Amino acid sequence: TELKQANRQFKKMMRQIEKLKIGIYETELDKQQTLMNYLQLQIRHHFFLNCLNNIYSMAQTQLYNEIMQMSMATSSYFRYIFHDSGNFVPLRRELEHIEYYMRIQKMRLDGSFSYTLYTDEGIGEMRILPILLQTFIENSIKHSVSSDTIVKIQLEAEWIYANGDPRGNMQIRITDTGHGFPADVLKDLNTSGMLAPVEGRRIGITNALNRLKLFYREGETAVTFSNLPSGGACVTLLLPAQQAEGGKSV
């Protein structure tokens with residue numbers, strides 16, 4: 001009787017192990033697929049071709065200084081994308097990448113927007129998923145920037161103090177002075193946390209939220225979407241403060 005009971009327990013344990021192995025394998029596949037999705041989103045042929053067309057137009061008018069700036073920013077932009085396809089990078093590197101992205105867009109859009117980046121001391125060494133913040137910055141440019149007025153885009157990264165721990169979390173807040181999120185989009189984002197694709201659009205934010213779910217433990221992160229009283233959009237990310245090297249929590 002004891003042997004039969006032990007045998008049943010052993011078989012039950014083996015089935016549980018098998019389920020765990022399958023679950024881990026599927027999670028890793030999801031991570032790899034999500035990484036592929038975000039890379040495909042960033043390596044957009046039309047963006048690269050637009051950069052080349054801008055450089056060509058500058059050459060026609062002999063804007064040599066602008067050609068050098070555009071070439072350097074474009075080169076640095078794609079170097080970051082191709083090199084940092086791993087899980088995490090230091091926040092300072094992501095912000096440097098955003099700087100290059102902003103320079104490219106300002107030259108392409110004739111300076112129709114301005115931007116500022118604010119960071120608390122020491123927060124730049126915390127690790128973050130690559131291209132995560134650019135997704136929300138890009139959304140602000142795409143849906144807020146127009147020829148009518150100069151839109152202001154701001155990113156703030158600060159420590160969140162809780163329970164006596166000075167570096168338990170970091171909060172990253174991205175705002176713009178555009179028209180804000182449409183009511184239906186805002187409702188979908190704050191209820192389901194996802195947006196249904198519309199003619200191939202709205203994929204970037206959904207992909208970013210999927211990556212947060214895959215690469216952080218449940219309850220470690222929070223993303224909220226809102227509109228400012230002045231009408232602009234606001235995205236707030238709450239992330240655990242983890243060292244860029246070693247992956248240990250601070």
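This tour of a predicted model visits aromatic pairs, then a helix.

**Stop 1: Phe 88 and Tyr 216.** The structure holds seven aromatic pairs. Select Phe 88 and Tyr 216 to see one with ring centres 5.6 Å apart. The planes meet at 85°, so this pair is edge-to-face, the term for angles over 60 degrees. Phe 88 lies in the loop between helix H3 (64-83) and strand E1 (89-90). Tyr 216 lies in the loop between helix H7 (203-215) and strand E6 (222-227). The pair therefore ties together parts that are 128 residues apart in sequence.

Which residue here is buried, with a relative accessible area of 6%? That is Tyr 216. Phe 88 is partly exposed, at 22%.

**Stop 2: Arg 127.** The charged end of Arg 127 sits over the ring of Phe 88, 4.1 Å from the ring centre.

**Stop 3: Phe 113 and Tyr 115.** Select this pair next. Its centres are 6.5 Å apart and its planes are at 40°, a tilted arrangement. Phe 113 is buried, with a relative accessible area of 1%.

**Stop 4: a cluster.** Select Tyr 77, Phe 78 and Tyr 101. Ring pairs link these three into a cluster.

**Stop 5: helix H5.** Select residues 132-144, the 13 residues of H5. From first C-alpha to last, H5 reaches 19 Å, close to the expected 18 Å. In H5, 11 of the 13 residues are buried, so the helix is largely enclosed by the rest of the structure. Among the buried ones are Leu 132, Phe 136, Glu 138 and Ser 144.

Definitions and conventions:
Residues are numbered from 1 along each chain as its sequence is written. This is a predicted model: local features need pLDDT of at least 70, side-chain atom pairs count only at pLDDT 80 or more; totals for chains, interfaces and linings use all residues. Side-chain values use heavy atoms; hydrogens and water are left out. Rings of Phe, Tyr and Trp (its six-membered ring) pair if their centres lie within 6.5 Å; planes under 30 degrees apart count as stacked, over 60 as edge-to-face and the rest as tilted. Helices (H or I, at least four residues) and strands (E, at least two) are DSSP runs, numbered from the N terminus. Buried means under 20% relative accessible area, exposed over 50%, partly exposed in between (1.4 Å probe, protein chains only). A charge sits over a ring if NZ of Lys or CZ of Arg is within 6 Å of the ring centre and within 35 degrees of the ring normal. The expected span of a helix is 1.5 Å times one less than its number of residues.
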